[in-house]
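Biologist: Please show the model, and let us then discuss it in questions and answers.

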There are 4 protein chains.
Amino acid sequence: MNEAQPLTRIQARNRAAILSGGLDAFSSAGFRGATLDQIAEAAGLSKPNLLYYFPSKDAIYTALLEGLLETWLDPLHALDADGDPVAEILAYAHRKLAMSRDFPRESRLFANEILAGAPQIGAVLSGPLRSLVDEKATVLRGWMEAGQIRASDPHHLIFSIWALTQHYADFDVQVRAVLGETDPFAGADRFIDQLFRSVLEPVQDRPL
Amino acid sequence: MNEAQPLTRIQARNRAAILSGGLDAFSSAGFRGATLDQIAEAAGLSKPNLLYYFPSKDAIYTALLEGLLETWLDPLHALDADGDPVAEILAYAHRKLAMSRDFPRESRLFANEILAGAPQIGAVLSGPLRSLVDEKATVLRGWMEAGQIRASDPHHLIFSIWALTQHYADFDVQVRAVLGETDPFAGADRFIDQLFRSVLEPVQDRPL
Amino acid sequence: MNEAQPLTRIQARNRAAILSGGLDAFSSAGFRGATLDQIAEAAGLSKPNLLYYFPSKDAIYTALLEGLLETWLDPLHALDADGDPVAEILAYAHRKLAMSRDFPRESRLFANEILAGAPQIGAVLSGPLRSLVDEKATVLRGWMEAGQIRASDPHHLIFSIWALTQHYADFDVQVRAVLGETDPFAGADRFIDQLFRSVLEPVQDRPL
Amino acid sequence: MNEAQPLTRIQARNRAAILSGGLDAFSSAGFRGATLDQIAEAAGLSKPNLLYYFPSKDAIYTALLEGLLETWLDPLHALDADGDPVAEILAYAHRKLAMSRDFPRESRLFANEILAGAPQIGAVLSGPLRSLVDEKATVLRGWMEAGQIRASDPHHLIFSIWALTQHYADFDVQVRAVLGETDPFAGADRFIDQLFRSVLEPVQDRPL
DNA sequence: CATGAATGAGCATTCATTCAT
DNA sequence: GATGAATGAATGCTCATTCAT
C-alpha cells in the first residue's frame with residue numbers, strides 16, 4: 001500500500017467501508033469499547049483483510065480523527081472578519097448545526113475522544129485549535145468594540161455555539177426521547193437563531 | 001450484604017471507593033472500555049474483593065447511574081412555577097453549571113451513556129424525563145403567553161440550558177486547552193447569565 | 001466455518017481432536033467438572049484456537065451429545081418385530097454390550113448427563129426415547145401374549161438390558177478392580193446370554 | 001474439634017446438614033462440579049463456618065464416601081453361606097434395590113466417583129471390595145457345585161445385581177421420563193425377582 | 001461458633017494481532 | 001487481495017481457602 005500509488009477501486013471501496021464501520025463503532029462505544037470484529041462485520045470484510053488496509057485498530061481510529069479534524073474546523077475558519085458580524089456568527093452556528101444533522105457520528109466520535117481525555121488529539125486542541133479560536137475571538141472582540149455586536153466574552157460565545165449545536169448530535173437519543181418522533185433540527189435551527197440574535201444584536205437595532 | 005442491614009464502616013468505605021473508582025473509569029472510557037482492573041486499582045482493592053461488594057461490572061455501572069439520575073434531575077424539579085420567571089430560569093441554569101463544576105465525572109458518565117445509545121437509561125429518558133420536561137415546558141409556555149418572558153420553543157430552551165452547562169464538564173479538556181489555565185466557570189457563569197437574560201427578558205423591560 | 005461448506009482437512013482433524021478430548025474430559029468429570037484447558041491440551045490446541053472451532057464449552061458438550069444420541073438408540077431401533085423373539089432380544093443385548101466395550105467413554109458421557117439430571121437431553125428422554133421404548137415394549141408384549149417369550153414387564157425388561165450392558169462401561173473401573181486384569185467382556189457376554197435366555201424362553205422349550 | 005470430645009448438639013446438627021448438602025451437590029455434579037457455595041447454602045451455613053466443621057471440600061467428600069462405603073457393602077456382607085441359596089440371593093437383590101429407593105443420592109455419589117475413575121476409593125475397590133466379592137463368589141460357586149442353584153459366573157452374577165438395582169437410582173431421571181409418573185420400584189422389584197429366580201432355580205424345581 | 005472481609009489461582013471467553021497460504 | 005488458522009494478553013467472573021474478629 002505505497003501511498004504514492006493511486007488506490008485501486010477495490011482499495012478505495014474497502015478503505016471507505018472500514019472507515020464507515022469504524023465510525024459507527026468508535027462513535028458509540030469509544031475507542032476501547034469498539035472491537036475490530038464489529039468494524040470488520042460492518043465493513044463486510046474478514047478481520048485479517050481489514051488489517052491489510054489498516055495496520056491496527058489504532059490506525060483506523062487515527063485516520064478517522066485526522067480526516068475529521070479538517071472538516072470539523074472548517075466552519076470556524078470560514079467566519080469572515082470582513083462580513084456582517086451578526087450574519088457571520090449566525091451563519092457559523094447554522095453551519096455547525098447542519099454538521100450535527102448531517103454528520104452526527106463524526107460529532108459523537110469527537111465527543112468520545114474529548115470525554116476520554118483527548119488522548120489522540122490533545123496536542124491539536126492546545127495547538128492549532130487554540131490558535132484558531134484565539135484568532136476568531138479577536139475578530140469577535142473587534143466587532144464588539146466597534147459596537148457591531150453587543151459585548152460578551154468571545155471565547156464563551158464560541159463555546160456556546162459548539163455546545164448548542166453539537167448537543168443535537170451527541171445527545172440525539174435524549175433529544176428524540178423527549179421530543180418524540182418530531183425531527184429536532186428545524187426547531188433547533190429557529191431557536192439557535194433567536195438565541196444568538198438576542199445576545200448579539202445591539203439593543204437599539206432590535207425591532208420592537 | 002443484605003441491603004436491609006446498615007452498612008458496616010468497612011463496607012461503606014469500600015463501596016464508596018468502588019463507586020468513585022467506577023465513576024473515574026466509566027466516565028472516561030465508557031462502560032465497555034472501562035475494566036474491573038482499573039476500578040479495583042482505583043479503589044485500592046483486589047478484583048475478587050471488589051466483586052464481593054458488587055456482583056458484576058454491570059452492577060457497579062447501574063448503581064452509579066441510579067444514584068446519579070435522582071440528583072441529575074433535581075435542579076429541573078426545583079424550577080418553580082410560582083417564582084419569578086427570569087429568575088427561576090437563570091437560577092436553574094446556574095444550578096446546572098454548578099453541577100458541571102462540582103460533579104464533572106457524573107456529567108461525563110451521563111454523556112457516555114447517552115453517546116452509547118442509552119442502553120441502561122433509555123426507558124428513563126422517554127418516561128420520567130420526558131414527563132418532567134413536558135411539565136416544565138408547560139410552565140415556560142405559560143410564562144411566555146403571559147408575556148413574562150419572550151416567546152421561544154420551551155423544549156429547545158431547556159435543551160440549550162443542558163447543552164451549555166454540561167459542555168463545561170463534558171468538554172472540559174477542550175475548554176481548558178483553549179482557555180489555558182484560567183478557570184472557565186466564572187466566565188461561563190457570566191456568559192450564560194447574559195445569554196439567557198437576552199433571550200428571555202421582554203424587550204420593553206430591557207434597560208437602554 | 002459455514003456448515004454448508006465442506007470441512008477442510010485441518011478443520012476436520014481439529015474438530016475431531018476437540019470432540020475426542022471433550023469426550024475424555026466430560027465423560028470422566030461431567031460438564032461442570034471438565035475444563036477447556038484439559039480439552040485443549042488433549043486436542044493439542046491452544047485454548048483460543050479451540051474456541052475458534054467451537055464457540056463455547058457448551059457447544060462442544062452439545063455437539064457430543066447430539067452426535068451420541070443417534071447411535072445410542074440405534075440398537076433398540078434395530079429390534080425387529082418380525083424376527084425371532086428370543087434371538088432379537090439377545091441380539092439387542094449383545095449389540096448394547098458391544099457398544100459398552102467399543103464406546104465406553106460415550107456411555108460414561110451419557111451416564112454423567114443423566115446423573116446430573118439430564119439438563120441437556122431431558123426433553124429427548126421424555127419425548128423420542130419414551131416413544132421408542134413404548135413402541136418396542138408393545139412388540140415385546142405381543143410376543144409374550146403369543147407365548148413366544150415368557151411374560152414379564154416389558155419396560156423393566158428393557159431397563160435391565162440397559163443396566164446390565166452399560167454397567168460394564170460406566171463401572172469399568174470397579175469391574176476391573178474386582179476381576180483383576182481379566183477382560184470382563186467375554187464373561188459378561190456369556191452371562192448376559194444365559195440370564196436373558198432363562199427369563200425369556202418358554203419353560204416347555206427349555207432343554208432339560 | 002477434638003475428635004475425642006463428644007459433639008455438641010449444634011455441632012451434630014451442622015455436620016449432618018453439611019453432609020446432606022454435600023451429598024446433594026456431589027451426587028449430581030460430581031466432585032469437581034460441586035461448589036462449596038451450593039453446599040453452604042443447602043446446609044444453611046456461611047462458607048467460612050462450613051469450613052470450620054470440615055477443613056476442606058475434599059474433607060466433606062471423603063467423609064461422605066467413608067460413611068457410605070460401610071453401609072454400601074452391608075447387604076453383600078449379609079449374604080449368608082448357611083442360608084437358603086435362592087432366598088439369600090434374592091434377599092440380597094431386594095436389599096440393594098431398597099437402598100436405591102431409599103438412598104438414591106448415595107448411589108449417585110458412588111456412581112460419580114466410579115465414573116471419575118475412583119480417585120478416592122480406588123484402593124478400596126481393589127482391596128476390601130475385591131476380597132469381599134471373591135469371598136461371596138466362592139459361596140455362590142459352592143452352591144452351584146452342590147446343585148442348589150444353576151451354574152453361572154458368580155462374579156458376573158454379583159455385577160448383574162449391582163447393575164440392575166443401582167440403575168433405578170442412578171438413571172432415575174431416565175426411568176421416570178420413560179415410565180411417566182408411575183413409581184418404578186414396585187415393578188422393578190417384581191421383575192428382578194422373576195429375572196434372578198429364572199436364572200438361579202434349578203430347572204427341575206421350576207413349577208410348570 | 002460464626003461471620004465479614006479478603007485473595008490467589010483458575011476458568012470461560014474476548015480481542016487485537018500474526019502467520020501461512 | 002484475501003482468508004483460514006492460530007495465539008498471547010487480557011477480561012469478567014468463580015471458587016476454595018484464609019484471616020481477623
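**Contacts with the DNA strand**

Biologist: Which side chain has an N or O atom 3.4 Å from a sugar or linking oxygen of DNA strand F?

Modeller: In this predicted model, a sugar or linking oxygen of DNA strand F is approached to 3.4 Å by a side-chain N or O atom. The side chain concerned is that of Asn49(A).

Biologist: What percentage of the atoms of DNA strand F within 4 Å of the protein belong to sugar or phosphate?

Modeller: The atoms within 4 Å of the protein divide between bases and sugar or phosphate. The share of sugar or phosphate is 63%.

Biologist: How many residues of the surface near DNA strand F are charged?

Modeller: There are 36 residues around DNA strand F, with Gln11(A) and Tyr53(C) among those that come nearest. The surface includes 16 nonpolar and 14 polar residues. The charged residues number six.

Biologist: Which residue of chain C comes closest to the rotation axis?

Modeller: Chain C can be laid on chain D with an RMSD of 0.2 Å by a turn of 180 degrees and a shift of 0.0 Å along the axis. The two copies are therefore related as by a two-fold rotation axis. At 2.1 Å (C-alpha), the residue of chain C closest to that axis is Gly33(C).

How values were computed. Residues numbered from 1 in each chain as written. Chains lettered and ligands numbered in written order. Predicted model: local features only at pLDDT ≥ 70, side-chain atom pairs only at ≥ 80, totals over all residues. Heavy atoms only, no water. Least-squares fit on C-alpha atoms with pLDDT ≥ 70 in both. Near = heavy atom within 4 Å. Polar contact = N/O pair within 3.5 Å; in protein donor to acceptor, adjacent residues only side chain to side chain. Nonpolar A, V, L, I, M, F, W, Y, C, P; charged D, E, K, R; others polar.
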